[in-house]
Amino acid sequence: MSILFLTAAGAANPDVAAQFGLIPALNEGGPISWSIFIVMVIMSIFSFYIMFTKLFEQQKVMNQYKEVRAQFWRAATLEEGAAKLDKNSAYRQVVDDGIAAQKQHGLLTDPIEAHDWLHGAMARSEDSINNKLAGGLPFLATVGATAPFVGLLGTVIGIYSALIKIGIAGQADIGKIAGPVGEALIMTAIGLFVAVPAVLAYNWLQARNKTIARSLSTFSNDVLGYISSGGRVKPAVPAAAPAGKPAPAAAKK
């Protein structure tokens, strides 16, 4: 759509705009240009799909952390605190894995310290959550790195077609080379339109994942300290929101 808009804006005559629009430019390049264009459209669609799905997953985990801060550490036990969290909560998974590791430690026959056993189990839980959140991001990085070069392939084909027409005509007739050159420039632009959003989305989602990873690590350490100390060590509970002022009593007659 952007290419069509730019082409139409650059031509006062609608017939000229239709002649040098996106479809005529792709037809100029033939099956190869069409194939490159379809590949880049697919790359763009998957990039936006991954961006929005990952953004939804990240926001869900961030909201879960707010719930943890507000409710979890007010419970008397870890089991009671976990029950207050959503069943699919990433933070509940960490707690459940910690509780399970604590029970499993008593069944071990090798003399492994409880702290090391618990730390390893909860670290595996964090890694599984972080790996799930990172899923799909390599595709964004790949699109950001390769889309300009895929577009450049279409550019090379367009320039090569223009040179062939110049060689056949024996002179540089602008009317004959405008189509191939236009196709070359359009393919370059499409490659950039696909790559730039993918790179921006990748960097943004990576930064959000690092924030979530820090929150998970902090929470995991707090749970580990709670289990290792038998409940004597726990983070400070944030103060509850002040209750609203009671409604004024009705005046006595």
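Here are a few notes on this predicted model, from the whole chain down to single residues.

1. Start with the fold. The chain has nine helices and zero strands, so along the sequence the pattern simply reads α-α-α-α-α-α-α-α-α. Of the 253 residues, 33% count as buried. The accessible surface comes to about 15200 Å², with carbon and sulfur atoms holding 65% of that.

2. If you take contacts between residues at least 6 apart in sequence, 73% of them join residues at least 24 apart.

3. Now, confidence. Mean pLDDT is 80 for the chain, and 75% of residues reach 70 or more. Helix 4 (residues 31–71) has the highest mean among the elements, at 90, while helix 1 (residues 2–9) has the lowest, at 44.

4. Where pLDDT is low, the predicted coordinates should not be read in detail.

5. Within helix 4, have a look at lysine 54. Is this lysine buried or exposed? Lysine 54 counts as buried because its relative accessibility is 9%, below the 20% cut-off. Its side chain makes a polar contact of 3.0 Å with the side chain of glutamate 57. Leaving aside residues up to four places away in sequence, lysine 54 touches Lys132, Leu133, Gly135, Leu137 and Leu205.

6. Leucine 85 sits in the loop between helix 5 (78–83) and helix 6. Beyond four places in sequence, its contacts are Glu67, Val68, Phe72, Tyr91 and Arg92. Valine 68 is 17 residues away in sequence, yet the two C-alpha atoms are 7.3 Å apart.

7. Helix 6 begins with a cap: a side-chain oxygen of serine 89 lies 3.2 Å from the backbone nitrogen of tyrosine 91, at the N-terminal end. Tyr91 and Arg92, both touched by leucine 85, are on the list of buried residues in this helix.

8. Last, a geometry check on helix 6. How far apart should the ends of its 16 residues be? At 1.5 Å a residue, residues 90–105 should span 22 Å; the end C-alpha atoms are 23 Å apart, so the model agrees.

Terms used. Residues are numbered from 1 along each chain as its sequence is written. Side-chain values use heavy atoms; hydrogens and water are left out. Helices (H or I, at least four residues) and strands (E, at least two) are DSSP runs, numbered from the N terminus. The expected span of a helix is 1.5 Å times one less than its number of residues. Buried means under 20% relative accessible area, exposed over 50%, partly exposed in between (1.4 Å probe, protein chains only). A polar contact is a pair of N or O atoms within 3.5 Å; within protein, one must be able to donate a hydrogen and the other to accept it, and residues adjacent in sequence count only if both atoms are side-chain atoms. Contact means heavy atoms within 4.5 Å. Accessible areas come from the Shrake-Rupley method with a 1.4 Å probe; for residues, only the protein chains shown count as cover. pLDDT is the predictor's confidence in each residue, from 0 to 100.
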